[in-house]
Each structure stands twice: as structure tokens, then as C-alpha cells.
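Open the model in your viewer and keep the selection panel at hand. The stops below follow one another.

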Amino acid sequence: MRPDDADFRLQAMQRLNDLARGQTDVIAHDATADASQPFGQSDAAGYAALMSDLRHALPDLERRDDIFLAGANRDDARWTASRPAQMVAATGAYVGTFRAPFAGIPPTNGVVTLTYGEAHHIEGGRIRQSWLVWDIAGLMMQAGCWPMAAPLGHAGLWPGPKGGQGLRMAPTDGTDSLDRVLAMHDALHRFDGRDLNSMPMEAWAKDFMYYAAGNIGASRGLSGFRAHHQIPFLRAFPDRVGAGHFVRLSDGPFAVTGGDVALTHTGADYMGIAATGRKLRMRVMDFYRLDDDGKIAENWLPNDTIGLMNQMGVDVMSRMRHLTGNPDTSLR
């Protein structure tokens, strides 16, 4: 079965829910996973262990997709690593009662949400390859142990798409949504480095919502987007450039891209960290909903905040352990 088959979409969603319920046998024996820090890349056994650890921490864990897309994975020559031709992608939240530590984060014994952006290659009823962009920073904020500066935008659980319709269980024709998104990406490169107005924003609806994970936060409309994200980001990383997408899908009025942004931290401080001069990679996914006029009305941005800070030379997990009573006791 293929993503243009409704039965495939239902089966793929069921497999991901099975995995959240603890059925790690849905992972193929040769599967790989690429997860946000502090987890990184793993084989099938490591992937199964990660999901088991999550379920141990949240014993009543359930997966709640707000957007679920499937289709042909548009080519991107910049991405030279393994890249499936057909994929599913989803954003939403794992929900449960935080009963045991996860990634060293102390439990709250209350309900928490771990928001995610994920892309999967599912074949023969098994998960063969996954990219997991989980908001570990957001979970730390809920547990009251985030050891860095607060986000400039609004932190918290992202709402699903306005009007629903984010679960795309029936195949749709056309790739207009992705075409419009990629055209918008190209337009962003027209920025002259000085005047924000040199960067065309006609692709966006007037009061668009921007939901960024980690230490960025949510904002609304062009003024909010510029104040809370775009200006701090451009000041810190004047040379930012897309380094390739592992996923590019279009599904009705929704589209998703996911990959890396190449950056050099030569400008202003970012997220409270002074310019390091280091070359970095920022892992992000972007889920988009377009309105009836073809404008981008909503954008969800899962991102690996902790991985970015780690490349800046800041060990967020070590700082968190220190603040929660487990400081390092050696130089190594």
C-alpha cells in the first residue's frame, strides 16, 4: 500500500498509536531513528528503548495527532543522507501523567504534554525510518527545571489547526500547498541583511499564527513574528541558509518540510547565549495550513532547541541536573 491509499493512512496512524501504547514490535528489525537531543540517532533496539523509557515515565501515555499528512516525498538535492520516497508526517502531543524521570527530567506526578513533529517511513506494516523532533525543552519548562532564559514568544501547548481537518485520512490531488511554501522559502532569501521589508511576506495571511516549540514560543501576525522570532534570529545568525529537507509533503491545504538550517553564530546573543562564532545546524520541522486564498494562516515549528544550544557550547541537560540536585562531580 502507498500513501495515496486511504487504508495505508489508517494503518500508518494505527502503527504509531501502537508504538505509543508499548508495542515496539511495530519497529522493523533494521529501522533507524533520528531524534532530538539528548537522544540523537539510534538503531531499532535503541528506538524501542526510547519509546519504552517514554512510556515508563508516562505510564498512561497516549498519542494525540493534530495534523497527520501522507504522500510522495518531494526531492531535495541538498539532503544527501537516506531519504524515503513516500512518508507520513505528524505533529501533536504525547499526553500522560509524569510518574518517573525522562531524560533526567524529574517527574511532576501531574499531566504533561510532550509536543512533537515526526516523519516516518512505514512499509509492510512496520516503521522503518523515523525523524523525531520532540520538544524536550518544553517538557522541562512544565517540570519547572528549564535552566536557561525564558522564550520571547508565548510558551505552552500548541492548538490544532483552525477548523480541524488536520487529520488527512483521504488522499487528495495536487501539490499546490507545498509549491506555495517552497516559493515562500525562496522569497526569504531575498533579505538584504539590513531592511526587513526586503524580505517578501506576501505568502502569509494578515493575522497568521506562528507556533514555535522550545525556547522560541508562539506569536501572531507579522509584527509579533518579527518581534519574538525573526529579528532575534536574524541578528544572531546573519548567514542562515537551508541545508536540505528530509521530508517535503503536500496534502490538501497542508504542507510540511523538515530538515536542517546551517548557521554561524556571529551576530547578537541568541536565547541568552552570547555570540560564539561557531558554525551550527538547527533541526526543524514546519507544518503549514493554507487558507482558502492560498495564504499561510498557521505555521507549527517543532525544533531541537537543546541540540542547538549544545552546539553553542551550553550543556542544557547538565545545567538542568545541577538545578535539580544532581550536579556533576568530576571534570569528565
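Is M271 buried or exposed? Select M271 and show the surface: this residue is buried, with a relative accessible area of 10%. Bear in mind that the model is predicted. M271 sits in the loop between strand 10 and strand 11. Check its backbone too. Phi is positive, about 55°, although M271 is not a glycine. Most residues other than glycine have a negative phi.

Now select Q165. Its phi is near 70°, again a positive value in a residue other than glycine. Q165 belongs to the loop between helix 3 (136-142) and helix 4. Here the surface tells another story: Q165 counts as exposed because its relative accessibility is 58%, and the cut-off for exposed is over 50%.

Go to the loop between strand 1 (27-35) and strand 2 (40-43), and pick S36. S36 is buried, at 2% relative accessible area. Display its side chain. A polar atom there lies 3.0 Å from the backbone nitrogen of W134. Leaving aside residues up to four places away in sequence, S36 touches L132, V133, W134 and D304.

Stay in this loop and move to P38, which also lies between strand 1 and strand 2. Look at the peptide bond from Q37 to P38. This bond is cis, with omega near 15°. Most peptide bonds are trans.

**Helix 1**

Select residues 6-20, which form helix 1. From first C-alpha to last, its 15 residues reach 22 Å, close to the 21 Å expected at 1.5 Å a residue. Colour by accessibility. Helix 1 is mostly covered, with eleven of its 15 residues buried. Among the buried ones are F8, M13, L16 and L19, along with R9, R15 and D18.

Then inspect both ends. At the start of helix 1, a side-chain oxygen of D5 comes to within 2.7 Å of the backbone nitrogen of D7. Just after the helix, G22 takes a positive phi of about 105°.

**The largest pocket**

What is the volume of the largest pocket? It is about 700 Å³. Of its 35 lining residues, select H185, L188, V261, D286 and Y288: these are the closest to the centre. By class, the lining holds 18 nonpolar, eleven polar and six charged residues.

Which strand supplies the largest share of the lining? Strand 9 does, with six residues. Other elements that each give at least two residues include helix 4 (176-188), helix 5 (221-236), strand 7 (204-212) and strand 11 (279-290).

S177, L178, V181, L182, M184, H185 and A187 are buried here.

Finish at H189, in the loop between helix 4 and strand 7. H189 counts as partly exposed, at 47% relative accessibility.

How values were computed: Residues numbered from 1 in each chain as written. Predicted model: local features only at pLDDT ≥ 70, side-chain atom pairs only at ≥ 80, totals over all residues. Heavy atoms only, no water. Helix = DSSP H or I, 4+ residues; strand = E, 2+ residues; numbered from the N terminus. Buried < 20%, exposed > 50% of the residue type's maximum accessible area, 1.4 Å probe, protein only. Polar contact = N/O pair within 3.5 Å; in protein donor to acceptor, adjacent residues only side chain to side chain. Contact = heavy atoms within 4.5 Å. 1 Å grid on protein atoms, 1.4 Å probe; cavity = no way out; pocket = protein on both sides within 12 Å on 5 of 7 lines; lining within 4 Å. Points joined across faces, edges and corners; volume = space filled by probe spheres on them. Nonpolar A, V, L, I, M, F, W, Y, C, P; charged D, E, K, R; others polar. Expected span 1.5 Å × (residues − 1).
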